[in-house]
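Subject: Structure handover and notes

Hello,

Here is the structure I said I would pass on. Please keep it open while you read the notes below.

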Amino acid sequence: MAHTDPYRLTTAPTPTASAPAEGPSGVTGGDIVRTLLWTVVVISAVANTVASYGGVSTWVHLSCGTVTLLAATTLVVRSLRGRR
């Protein structure tokens, strides 16, 4: 019986009947969406911090906070749905 290491990066695991096949690079659409959402969270949080030190108007803080909240909520919802 051959032992395969699921954390080895040099070889791609072969798809089984229970696991769907991924794209040629092994990156799924869900991975890309999750990465983009995390990027939005970080950028909007940094923008909110910069706006705080810059002394800009309140609507900038509110819009940055809203974007951060929406992206973080989407990440949580996707995570909870993925557990089912």
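The buried residues of helix α2 pack against helix α1. Buried means under 20% relative accessible area, exposed means over 50%, and partly exposed is in between (1.4 Å probe, protein chains only). Helices (H or I, at least four residues) and strands (E, at least two) are DSSP runs, numbered from the N terminus.

Before the details, two remarks on the source. This is a predicted model, in which local features need pLDDT of at least 70 and side-chain atom pairs count only at pLDDT 80 or more, while totals for chains, interfaces and linings use all residues. Residues are numbered from 1 along each chain as its sequence is written, and side-chain values use heavy atoms, with hydrogens and water left out.

The whole chain

The chain has two helices and zero strands. Of its 84 residues, 11% are buried. Accessible areas come from the Shrake-Rupley method with a 1.4 Å probe; for residues, only the protein chains shown count as cover.

The two helices

Helix α1 covers residues 29–54. It has 26 residues and reaches 37 Å from its first C-alpha to its last, close to the 38 Å expected at 1.5 Å a residue. The expected span of a helix is 1.5 Å times one less than its number of residues. After α1 comes G55, which has a positive phi, near 70 degrees.

Helix α2 covers residues 58–82, which is 25 residues. From first C-alpha to last, α2 reaches 36 Å, close to the 36 Å expected at 1.5 Å a residue.

In α2 they are V60, C64, T68, A71 and L75.

S44 and C64

What does S44 touch beyond its neighbours within four places in sequence? S44, in helix α1, is in contact with C64, V67 and T68 when those neighbours are left aside. Contact means heavy atoms within 4.5 Å. S44 counts as buried, because its relative accessibility is 7%.

C64 lies in helix α2. C64 has a relative accessible area of 12%, so it is buried. Not counting residues up to four places away in sequence, C64 touches S44, A47 and N48. The C-alpha atoms of C64 and T49 are separated by 9.3 Å, and these two residues are 15 apart along the chain.

L62

Is L62 buried or exposed? L62 is exposed, because its relative accessible area is 56%. L62 is found in helix α2. From L62 to N48 the distance is 8.6 Å, C-alpha to C-alpha, although they are 14 residues apart in sequence.

The salt bridge

A salt bridge is a side-chain nitrogen of Lys or Arg within 4 Å of a carboxyl oxygen of Asp or Glu. By this rule the count is one. The side chains of D31 and R34 form it, at 2.6 Å, N to O. Both D31 and R34 lie in helix α1, three residues apart, which is about one turn of the helix. D31 has a relative accessible area of 26%, so it is partly exposed. R34 is partly exposed too, because its relative accessible area is 41%. R34 and T74 are 40 residues apart in sequence, with 9.2 Å between them in space, C-alpha to C-alpha.

The nonpolar patch

Which residues form a nonpolar patch on the surface? They are V27, I32 and L36, with about 270 Å² of accessible area together. Patches are made of residues with over 30% relative accessible area and no salt bridge; like charges are joined within 9 Å, and nonpolar side chains (Val, Leu, Ile, Met, Phe, Trp, Tyr) within 5 Å. L36 is in helix α1. L36 is exposed, because its relative accessible area is 53%.

Regards
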